[in-house]
Amino acid sequence: APEPATLVIFGATGDLARRKLLPAVFGLWQDGLLGSAFNIVGVGRQEMTDEAFKDFAIEALKSSKETDAPQPGSLEKFRELLYYEFGDFGGDEVYSLVQKELDRAEEAHGGRKNALFYLSTPPSLFEPISNGLGRLGLDDESEGWRRIVIEKPFGRDLESARHLNDAIHKVWDESQVYRIDHYLGKETVQNLMAIRFGNAIFEPLWNRGYVDHVQITASEDLGLEGRAGYYEEAGVVRDMLQNHLMQLFALTAMEAPAAFDADAIRDEKVKVLRAVKPIPKGRVKQVAVRGQYGSGTMYGERVPGYREEPGVREGSSTPTYVAVKLEIDNWRWQGVPFYLRTGKRLPKKVTEIAVVFKRPPLGIFPGGLERNVLAFRIQPDEGVSLKFSSKTPGQEMVLREVVMDFRYDAFGAQLESPYSRLLLDALLGDATLFPREDEVDHAWQIVSGILEAWDGTKAPEFPNYPAGTWGPDAADELLGPDRRWRRL
Ligand code: BG6
């Protein structure tokens, strides 16, 4: 268990805290993973008593689908760990109240004043809160460790991400900073590293000699979910591509790290991100496709198009779908394209990484030659499958594709929420699953040209895919005549 600590959640009455963070903390605590000396201080701009916050938190736990079933009496005990402070994030007062909470925790438990500050607020508050904590010396580690967790989005482009990194570093050392990308907390994303580097049979094939191309897909069936205010500013490139898909890409393409530790792994991720062939604005047309959903049918029901969603600007050109071809200029991957795609209102929710191998060099059997595929299913139906050709029973030599399947549920364990994994890691001081400053920077560099080309330019083709379909036709052309997106 981590040392005694206080978790300070800024934006504690927000959506993320309610839906994800509080259930994750509760689950960890109930499993005994947080030790007995643990407190949670919610901080917000909204005036509220401790009691009201406790009610809010317990209500959130009861209503979230992600909350583990409470043992008898455990909600009541958890309630006692909760406190609330409020104030203006631009002033000093609220931070001195937080300071007092840490003093109180120390008096109650003894030990040191360890604190994890979790910024679960709109991004415009990241810098003011970081500065406020700094002004009051709350970053100072002489009385206990101090760490800061920063939610997404980390900047809205390269420039603002750099600005935010600089601002954060005026107060914090990089070793105290934990940038969240919840995809890295997913069990099967970590399994990708386990499979690649815990086995001898995959790595020898993991290169330009054997791989034809790689497809990374994160398709979502959900639409906007009432998030127009955020999404109209972000769009799919900032919301999914720059962070989640780039992370999946880096883990798939990176070299083997020398050790399973934070810096060794992050060094390798940065190396491969740096090797991605730049996509200047002028090249975007050749390597990227944007889309926006129109109305359509999902699961038998009519759903509105993006532009009809409440809060979306009339004639909005915000993309809800992107497909992009990345090329890597290094020895391992020269000539092997990585195709990434993600979108909202696609036919179903599925995240997958598929390594598609080259065809056998010579066809000696009737019929065409198929490519073998090793597919990592990140969610749902987590698992790994290998597709290859086999003889079908009978007199003739006829081949058919078959699939060998490993299902993650064979372990029989309930998969943890990514947030509980990441929160615990941050409390333990393990930054392996948190993107480092330079990773975030390189991921922004890769998508910069795309943002430049698309932001603010009208998309006369929008909407260009009906809800419930696999995105715009142009995405198929991106793969060329001899390759196809996997049917998922
Ligand atoms: C979030 C995005 O980061 O990830 C959402 O803001 C998206 O738009 C979500 O729906 C997808 O996460 P998951 O874990 O449901 O695949």
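Trainee: Why is Lys 344 called buried?
Mentor: Buried means under 20% relative accessible area, with exposed over 50% and partly exposed in between (1.4 Å probe, protein chains only). Lys 344 has a relative accessible area of 6%, so it counts as buried. Bear in mind that this is a predicted model, where local features need pLDDT of at least 70, side-chain atom pairs count only at pLDDT 80 or more, and totals for chains, interfaces and linings use all residues. Residues are numbered from 1 along each chain as its sequence is written, and side-chain values use heavy atoms, with hydrogens and water left out.

Trainee: What does Lys 344 touch?
Mentor: Contact means heavy atoms within 4.5 Å. Leaving aside neighbours within four places in sequence, the partners of Lys 344 include Glu 220, Asp 239 and Tyr 465. The UniProt annotation "binding site" (unreviewed entry) covers Lys 344, Glu 220 and Asp 239, among others; such annotations may be inferred rather than shown by experiment.

Trainee: And Lys 186, is that residue buried or exposed?
Mentor: Its relative accessible area is 13%, so Lys 186 is buried. Lys 186 touches Ile 378, Gln 379 and Pro 418, not counting residues up to four places away in sequence.
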